Amino acid sequence: MKRILITGGAGFIGSHLSERLLNDGNDVICLDNFFTGSKNNIRHLIGNNRFELVRHDIILEYLAEVDQIYNLACPASPIHYQYNPIKTMKTSVMGIINMLGLAKRCKARILQASTSEVYGDPHIHPQVESYWGNVNPIGIRSCYDEGKRAAETLMMDYHRQNNVDIRIARIFNTYGPRMAINDGRVVSNFIIQALKNEPITVYGEGSQTRAFCYVSDLVEALIRFMNNEENFIGPVNLGNPHEFTILEFAKLIIKLTNSNSEIIFKELPKDDPIQREPDISLAKEKLNWTPSISVEEGLMKTIEYFEKVLN
């Protein structure tokens, strides 16, 4: 049994990770300021005597005795991270400094939930970990992209200078139950529009690509990575390499929901990546991990969740 801190633990991914780690017999401290996280995501865990919920913002120092830290705190959808870009940058940079300081004091292992957005609008496809990326440092998405890149830098510098035990995970598009209904991401947007028989909004021509990983697969990968004892610190891509165009994905959602929705096209947002697909060769080699949930299976579970939310 370990004592594990999860920042952003009441968020979409964080809540699933909290649940899994509790089921595995660990003590879990869930730290969240509830900007995008929700008590509803972890309400069923609150009665567990090995679960502790703390309302806290990681741009402020937090002290505890822990064995592992999963740093998931940061709004991850463009609508939310662009709402207060300065706060987003502070969460990534000041937050990781505080968590790395905690890891250094406790001699805890720390995993940073980085992102495929560190690759920007990539010039190579699929994306491999050795690629340095093509990121606009002054665009509307920069607060998130560059914040996450800076967090990776700080992780490596604390590792090299202070011997902090680190893990850097680059997370690609993830979906599943407990996604926020208003987060503006493609999966939740399309499913909600389809269930309401409203027009499905596709930006650009829909030729841009994404790859979607079901949340339980991602959680399994994060835990394997955190507990890997071969001194593999990453960065490592975690995601599903099954690539869709956005237009293909919209048509699949319509089919799975038996929706009468039509597809409408709007202007592509600024700096929106044209391609996004992980090369997960490193995850296969080092973590013996590949996604096991098909996109269709995962989408049906997610559709079922949103049907309950909307009703």
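User: Which residue in β4 is the bridge partner of T7?

Analyst: In this predicted model, T7 has N71 as its bridge partner in β4. The strands involved, β1 (residues 3-7) and β4, pair in the parallel sense over four bridges, and along that pairing L5 stands opposite I69 in β4.

User: What is the strand order in the open sheet?

Analyst: The open sheet has seven strands in the order β3-β2-β1-β4-β5-β6-β11, and the pairing is parallel. At the edges stand β3 (51-55) and β11, and because each of them has a single partner strand, one side of each is left without a neighbour in the sheet. On average, neighbouring strands of this sheet are turned by 20 degrees against each other, with direction ignored.

User: Which strands does helix α1 touch?

Analyst: Helix α1 (residues 12-23) packs on the sheet and touches β1, β2 (27-32), β3 and β4, with its direction at about 170 degrees to that of β1. Helix α5 also packs on the sheet, where it touches β5 and β6 (166-171), and its direction makes about 155 degrees with that of β5.

User: OK, the core then: which residues touch the most other members?

Analyst: In the largest nonpolar core, which has 61 residues, those touching the most other members are Y70, V187, F190, L222, L238, F249 and L299. Helix α7 (residues 215-226) supplies the largest share of this core, with eight residues. A second, separate core has 27 residues, among them I69, I96, M155 and V164.

User: What does L299 touch?

Analyst: Leaving out residues up to four places away in sequence, L299 touches Y175, V187, I191, F249, L252, I253 and L256.

User: How many aromatic pairs are there?

Analyst: The structure holds 10 aromatic pairs. One of them joins Y119 and Y131, whose ring centres are 6.1 Å apart and whose planes are at 20 degrees, so that pair is stacked. Y119 and Y131 both lie in the loop between β5 and α5 (142-162), so the pair ties together parts that are 12 residues apart in sequence. Y119 and Y131 are both buried.

User: What about the rings of F212 and F249?

Analyst: The ring centres of F212 and F249 are 4.1 Å apart with planes at 20 degrees, so this pair is stacked. F212 is in the loop between β9 (209-211) and β10 (213-214), while F249 is in helix α8 (residues 246-257), so the pair ties together parts 37 residues apart in sequence. Both F212 and F249 are buried, and ring pairs link F190, F212, F244 and F249 into a cluster.

User: New topic: is S92 buried or exposed?

Analyst: S92, which has its place in helix α4 (residues 85-106), counts as buried because its relative accessibility is 4%, below the 20% cut-off for that class.

User: And which residues does S92 touch?

Analyst: Not counting residues up to four places away in sequence, S92 touches C74, G147, K148 and A151. The C-alpha atoms of S92 and N71 are 9.5 Å apart in space, for a separation of 21 residues in sequence.

User: Last one, where is N228 and is it buried or exposed?

Analyst: N228 has its place in the loop between α7 and β11 (236-238), and N228 is buried, with a relative accessible area of 8%. A polar atom of the N228 side chain lies 3.2 Å from the backbone oxygen of K286.

User: Which residues is N228 in contact with?

Analyst: With neighbours within four places in sequence left aside, N228 is in contact with R109, R167, K286 and L287.

Notes. Residues numbered from 1 in each chain as written. Predicted model: local features only at pLDDT ≥ 70, side-chain atom pairs only at ≥ 80, totals over all residues. Heavy atoms only, no water. Core = buried A, V, L, I, M, F, W, Y, C linked by side-chain atoms within 4.5 Å. Buried < 20%, exposed > 50% of the residue type's maximum accessible area, 1.4 Å probe, protein only. Helix = DSSP H or I, 4+ residues; strand = E, 2+ residues; numbered from the N terminus. Contact = heavy atoms within 4.5 Å. Pairing = 2+ DSSP bridges. Phe/Tyr/Trp six-rings, centres within 6.5 Å; stacked < 30°, edge-to-face > 60°. Polar contact = N/O pair within 3.5 Å; in protein donor to acceptor, adjacent residues only side chain to side chain. Axes fitted to C-alpha atoms, helices over the stretch in contact; angles between N-to-C directions.
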